[in-house]
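Student: Could you take me through one part of this model closely, namely how its neighbouring helices pack? I would like the terms spelled out as we go.

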Amino acid sequence: MSVIMSEEIEEIPLASSETSYNDAEKNDIFNREFMPHINSMYNFAFRLTMDEDDANDLVQDTYLKAFRFISSFERGTNAKAWLFRILKNSFINDYRKRSKEPSKVDYQEVETTYNSEEAAEVDHTTDLRVETVQDMIGDEVATALNSLPVDFRTVIILCDIEGFTYEEMAKILDIPIGTVRSRLHRARNLLKDKLKVYASSMGYNTDEY
Amino acid sequence: MVLDMHASASTGENKEYKKVYCEHHTECLKKIQAVLDGEASEAEKEHFRENMDDCLHCIKMYHLEKCVKEALQAKVDKRLCPDNLIATIKSKLNIIS
């Protein structure tokens, strides 16, 4: 086994038991349980890759894998979380390696940095105003979000844009719930830093209110 | 999840608060985020209710967190999957609609 292969993540969530579906049942599951999430999946793929062609490929690969391994999916369970986990793992295995993202940073390195800085955590209420955020347009907020390292971007997308619970996020990301909470906390602080810098550069008033 | 405690998190100009600066703001912020995410434990909710009455710093953090979360939910453009991609996927898998 090559080094690259050994680093790859198991893409399909393990099921406690596999179910043998006939063709009509597979068709029905695909249409009723998988397809309703395709817009959310595409949006997630686009926010991860920040490229329309890559998002197209990632969503297509994910749905083809989901169908190929449909016996691992238990009908009536959380299809959205199951699909998001496959997409996230496909992204890590297939796309992240060739990502042109300039801010690509080793996650462990980032987390260590933020852990060490937590004691002197910045108080954002003194330098970012509610009114400033309310005045921003969507593209400005999206630019700040896109500038975050992908692991931090991911938790904000899953929680704040897609509305997953911490428990669902833990399953999608293969991390404990405590790590979901701490990663979200750091991601949001980083986002507020970016919003602050952006607001200052655009001439918004960022003085304390 | 809608919490009625949100209503108490106001910044009434005439009110005098016991605290203007919170020395525990990092821990308080984590609890505030859990409340806004609908994931707070009973103890975290209780702590939140108490602080929303007494601590101006925590009230400001609450409003900023809520505002950023709402901006992400409401303002960031949600990309829709192109119809031709849906058609391609269904075609490759012989899915009948």
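Tutor: Happy to! Let us begin with what a contact is: two residues are in contact if their C-beta atoms, placed from the backbone, lie within 7 Å. Helices (H or I, at least four residues) and strands (E, at least two) are DSSP runs, numbered from the N terminus. This is a predicted model, in which local features need pLDDT of at least 70, side-chain atom pairs count only at pLDDT 80 or more, and totals for chains, interfaces and linings use all residues. Residues are numbered from 1 along each chain as its sequence is written, while chains are lettered from A and ligands numbered from 1 in the order in which they are written.

First, the setting. Chain A has eleven helices and zero strands. Of its 209 residues, 36% count as buried (20 or more other C-beta atoms within 10 Å of the residue's own, C-beta atoms being placed from the backbone). Among chain A contacts with a separation of 6 or more, 77% are between residues 24 or more positions apart.

Now to helix 4 of chain A and its partner, helix 5 (residues 79-95) of chain A. Their axes (lines fitted to C-alpha atoms over the stretch in contact, with angles from 0 to 180 degrees between N-to-C directions) are 9 Å apart, and the helices pack at an angle of about 125 degrees. Helix 4 and helix 5 of chain A are therefore oblique to each other (angles under 35 degrees count as roughly parallel, over 145 as roughly antiparallel, 65 to 115 as roughly perpendicular and the rest as oblique). On the helix 4 side, A:Asp54, A:Leu58, A:Asp61, A:Thr62, A:Lys65 and A:Ala66 meet A:Leu83, A:Ile86, A:Leu87, A:Ser90, A:Phe91, A:Asp94 and A:Tyr95 in helix 5 of chain A. By class, this contact has seven nonpolar, two polar and four charged residues (Ala, Val, Leu, Ile, Met, Phe, Trp, Tyr, Cys and Pro count as nonpolar, Asp, Glu, Lys and Arg as charged, and the others, Gly among them, as polar).

Helix 4 (residues 52-68) of chain A also packs with helix 3 (residues 38-49) of chain A: their axes come within 8 Å and cross at roughly 130 degrees. That makes helix 3 of chain A oblique to helix 4 of chain A. Here A:Met41, A:Tyr42, A:Ala45, A:Phe46 and A:Thr49 of helix 3 meet A:Glu52, A:Asp54, A:Ala55, A:Leu58, A:Val59 and A:Thr62 of helix 4. The helix 3 and helix 4 contact divides into seven nonpolar, two polar and two charged residues.

Technical notes
A residue is buried if 20 or more other C-beta atoms lie within 10 Å of its own, exposed if 12 or fewer, and partly exposed in between; C-beta atoms are placed from the backbone.
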